[in-house]
Amino acid sequence: MADAEVTIRMPGRFTGQRLLDVGTGPNIMSILSASKYFPEITCSDYVQSCREELQLWLNDEPGAFDWSPYLQYTSALEGNSTTPEDIASRLRSAVKAVLPCDVTQPNPLEQQSLEPFDVVVSSLCVDSACKTKEEYCACLGNVASLVKSGGGLILVGTLKGGNMYTVGTEIFYNVPAIDVDFLRDSLAKSGFGDIEIKQHSSNLDVKVADTAAFYHLTAKKA
Ligand SMILES: C[S@@+](CC[C@H](N)C(=O)[O-])C[C@H]1O[C@@H](n2cnc3c(N)ncnc32)[C@H](O)[C@@H]1O
């Protein structure tokens with residue numbers, strides 16, 4: 001929820017109508033708080049089954065995952081001024097599309113022609129898509145191309161050598177060896193300034209994810 005907190009604690013830093021979440025996965029965590037500020041949200045992911053699972057919840061269909069604890073958490077972040085049910089409705093009406101996306105491509109949303117977004121959010125996606133720092137830098141540039149001039153970027157990722165995480169019995173791999181200086185250089189190369197990076201130690205069991213730390217960052221495109 002770190003990215004949600006970034007969004008909610010910085011009202012006014014990022015404004016606009018249209019927000020894109022890159023690599024949303026099957027979940028709504030990255031866009032819960034954003035739906036308070038952005039009336040037009042686009043979700044995206046490489047994996048069709050992730051997009052379908054997300055769509056199940058958006059359509060309020062039987063069998064959709066129960067996100068109640070996250071809705072309650074977001075309600076508490078908002079000072080309980082909005083109920084969890086209201087936040088669910090708010091998010092369902094804000095999400096306008098769930099699109100295929102590939103961050104390894106120069107235009108990750110190639111199959112659609114869309115104007116660049118006011119704000120792009122991406123949590124733990126570039127990490128999953130890349131094996132080397134060079135690939136990571138290129139993918140950041142690809143994601144950056146989706147942000148309009150003057151727009152904002154909110155990124156969450158792993159730091160300091162973590163290269164594996166699990167979901168159930170499946171093992172997935174992260175890019176290793178990302179550090180703060182590398183992130184700053186890569187973002188500057190992609191035309192971003194006003195970069196703020198915060199680090200958090202991981203509290204996850206190393207068998208679940210072996211990263212030592214996570215970052216969340218915000219940046220503005222020149
Ligand atoms: C660790 S999950 C993160 C999901 C969610 N954003 C979150 O923070 O919980 C990584 C996501 O990135 C997606 N992904 C992996 N490679 C991708 C690529 N090349 N382009 C777009 N999405 C990709 C995966 O399908 C997965 O949903």
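I'll start with the largest nonpolar core, which has 52 residues; Val-120, Val-126 and Val-143 touch the most other members. A nonpolar core here is a set of buried Ala, Val, Leu, Ile, Met, Phe, Trp, Tyr and Cys residues joined through C-beta atoms within 7 Å. Buried means 20 or more other C-beta atoms within 10 Å of the residue's own, exposed means 12 or fewer, and partly exposed is in between, with C-beta atoms placed from the backbone. Strand E5, residues 147–159, supplies the largest share of this core, 6 residues. Strands, E, of at least two residues and helices, H or I, of at least four are DSSP runs numbered from the N terminus.

A word on the source. This is a predicted model: local features need pLDDT of at least 70, side-chain atom pairs count only at pLDDT 80 or more, and totals for chains, interfaces and linings use all residues. Residues are numbered from 1 along each chain as its sequence is written.

Next, the sheet. Its 7 strands form an open sheet in the order E3-E2-E1-E4-E5-E9-E8, with mixed pairing; two strands pair if DSSP finds at least two bridges between them.

What about E8 itself? Strand E8 covers residues 192–201, and of its 10 residues the count of buried ones is 1. E8 pairs with strand E9, residues 213–221, in the antiparallel sense over 8 bridges. Within that pairing, Lys-198 stands opposite His-216, and Gln-199 has Tyr-215 as its bridge partner.
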